[in-house]
Amino acid sequence: MLAAAGIGSRRACESLIASGRVMVDGQVARLGAKANPETAAIQVDGRRVAVRDPIAPIYLLLNKPIGYTCTAHDAHAERTVYDLLKNVNERIFTVGRLDEDTAGLLLLTNDGNFAYRLAHPRFHLPKTYQAVVRGIISPWALTDLRCGILLEDGMTAPADAQLIETDRKRNVSVIQLTLYEGRNRQVRRMLNAVGFKALALTRMRFGNLTLTGLAPGTYRKLQSGEVKELMMLAAQHEANAEIPPQAEMPCDEANE
Ligand code: URA
């Protein structure tokens, strides 16, 4: 109850209780004992503490259109993703970011632990992007994208790269790229490194989530099962963290 009410982390609250520093209604609190947050008089180190109602977690999946930034306080931004949200009065933040000129799947939450597990590279959650590029992508470029590319901030991890279609008349290709890390402007930089410019970029998938049923500019709440599944995926990927993520097609077979 103390942790949910914002007194401190669960561990910090347990240690306060274990060391006898918490009193509930004049009695030293015991670990595991229940108290009614609405009526109990709670003191820590002899001082009364106000127990706030637990903050309800919020998890939103937005289909971000281009032209919106992910920064909450950007004096130069004309439009931010927060302009698209209605009746959200809590302070929420994006899980990672999409560039202003990138569209697609963006998660927003007020749950710091959730955001950390989904955005931190150590959890390797797969994110799939669809890019329309100028030019006809060669098998060699796809192999480089899969195997890793030396960018100014180091080698990229193995990725999945699939050619979806080419249009020789318009001189464009559509590719799908699944990354297991999330560096700044990573897809655009990887494409540039193999000689292609992204004309349009959309994030289609994040872990188990897709944009199905969501028009650009609209959003929905995640179901609790979806939140649990994402957290489980993050835990699995963390457990496998010693093993580098595998691209679907091994690099040495990619050109065969
Ligand atoms: N990679 C990019 O280049 N831009 C994004 O917005 C996301 C991934």
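Helices are DSSP runs of H or I with at least four residues, numbered from the N terminus. By that convention, helix H4 covers residues 186-193. The structure is a predicted model of a chain with 256 residues, shown with a ligand that sits in the second largest pocket.

**Chain overview**
- The chain contains 15 strands and 5 helices.
- Of the 256 residues, 42% are buried.
- Among contacts between residues at least 6 apart in sequence, 64% link residues at least 24 apart.
- The chain has an accessible surface of about 14700 Å², and carbon and sulfur atoms account for 50% of this area.

**Surroundings of the ligand**
- The residues around the ligand are Leu98, Asp99, Thr102, Tyr129, Arg185, Gln186, Val187, Arg188 and Leu201.
- Helix H4 makes the greatest contribution to this shell, supplying 3 residues.

- On the side of Asp99, an N or O atom of the side chain is 2.7 Å from a nitrogen atom of the ligand.
- Arg188 places a backbone N or O atom 3.0 Å from an oxygen atom of the ligand.
- Gln186 likewise has a backbone N or O atom, at 3.4 Å from an oxygen atom of the ligand.
- The ligand taken alone exposes 240 Å², and 96% of that area is buried by the protein.

Definitions and conventions. Residues are numbered from 1 along each chain as its sequence is written. This is a predicted model: local features need pLDDT of at least 70, side-chain atom pairs count only at pLDDT 80 or more; totals for chains, interfaces and linings use all residues. Side-chain values use heavy atoms; hydrogens and water are left out. Helices (H or I, at least four residues) and strands (E, at least two) are DSSP runs, numbered from the N terminus. Buried means under 20% relative accessible area, exposed over 50%, partly exposed in between (1.4 Å probe, protein chains only). Contact means heavy atoms within 4.5 Å. Accessible areas come from the Shrake-Rupley method with a 1.4 Å probe; for residues, only the protein chains shown count as cover. A residue is near a molecule or strand if one of its heavy atoms lies within 4 Å of it. A polar contact is a pair of N or O atoms within 3.5 Å; within protein, one must be able to donate a hydrogen and the other to accept it, and residues adjacent in sequence count only if both atoms are side-chain atoms. On a 1 Å grid over the protein atoms alone, a cavity is a set of points where a 1.4 Å probe fits but cannot get out, and a pocket is an open set with protein on both sides within 12 Å along at least five of seven lines; lining residues have an atom within 4 Å of a point. A molecule sits in a cavity or pocket if more than half of its atoms lie within 2 Å of its grid points.
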